[in-house]
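Here are a few notes from my look through this one. Have the model open while you read.

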Amino acid sequence: MPDDSPFGSQVGMPHGILEDMADTSVKVDTDTRDTLQSLAAAEGLTVKAYLAKVADEKEQERALGTATAAFRRVIAEPGIMDAFDAEFGGLPPAAHSTSQAA
């Protein structure tokens with residue numbers, strides 16, 4: 001007999017909502033769980049959504065670190081900054097001084 005219920009095996013979950021999702025369980029201590037729940041709630045997110053956001057942010061940080069290291073290697077090569085200045089006219093003069101009067 002087919003199940004005519006609007007819910008799948010997960011109570012309260014409509015049929016199909018979990019169909020294409022692969023979930024993984026991670027065991028953490030209760031302090032970590034509570035911290036994650038608190039952080040997620042502060043941003044109005046579920047723990048699952050919060051962890052996805054944190055993973056994305058960390059991946060962006062890693063990519064930025066890789067790009068920064070590559071940039072530093074390139075500009076450290078002799079003649080690169082001179083070539084940039086010749087091509088683009090150098091950096092603009094500072095708009096203001098960073099020193100402040102006491």
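1. Since this is a predicted model, start with a partly exposed residue: R33 has 38% relative accessibility, which puts it between the 20% and 50% cut-offs. R33 makes a salt bridge with D34, with the closest N and O atoms 2.8 Å apart. D34 comes out as partly exposed too, at 37%.

2. Next, look at K53 and E43, whose side chains meet in a salt bridge at 2.2 Å, N to O. K53 sits in helix α2 and E43 in the loop between α1 and α2, so this pair ties together parts ten residues apart in sequence. K53 is partly exposed at 32%, and E43 is partly exposed at 40%. There's a network here as well: salt bridges link E43, K53 and E57. The total count is six salt bridges.

3. K48 and D23 form another salt bridge, 3.0 Å from N to O. It links distant parts of the chain, with K48 in helix α2 and D23 in the segment before α1, 25 residues apart. D23 counts as exposed at 54%, while K48 is partly exposed at 48%.

4. Now the largest pocket, with about 350 Å³ of space. Its lining includes D23, K48 and R33. Helices α1 (30–42) and α2 (47–76) each give two or more residues to that lining. By class, the lining has six nonpolar, three polar and three charged residues.

5. Finally, F71, V74, I75, I80, M81, F84, F88 and L91 make a nonpolar surface patch, together about 750 Å² of accessible area. α3 gives the most, four residues. F84, in helix α3, is partly exposed at 34%.

Key
Residues are numbered from 1 along each chain as its sequence is written. This is a predicted model: local features need pLDDT of at least 70, side-chain atom pairs count only at pLDDT 80 or more; totals for chains, interfaces and linings use all residues. Side-chain values use heavy atoms; hydrogens and water are left out. On a 1 Å grid over the protein atoms alone, a cavity is a set of points where a 1.4 Å probe fits but cannot get out, and a pocket is an open set with protein on both sides within 12 Å along at least five of seven lines; lining residues have an atom within 4 Å of a point. Grid points are joined across faces, edges and corners, and a volume is the space filled by probe spheres set on the points. Ala, Val, Leu, Ile, Met, Phe, Trp, Tyr, Cys and Pro count as nonpolar, Asp, Glu, Lys and Arg as charged, and the others, Gly among them, as polar. Patches are made of residues with over 30% relative accessible area and no salt bridge: like charges are joined within 9 Å, nonpolar side chains (Val, Leu, Ile, Met, Phe, Trp, Tyr) within 5 Å. Accessible areas come from the Shrake-Rupley method with a 1.4 Å probe; for residues, only the protein chains shown count as cover. A salt bridge is a side-chain nitrogen of Lys or Arg within 4 Å of a carboxyl oxygen of Asp or Glu. Buried means under 20% relative accessible area, exposed over 50%, partly exposed in between (1.4 Å probe, protein chains only).
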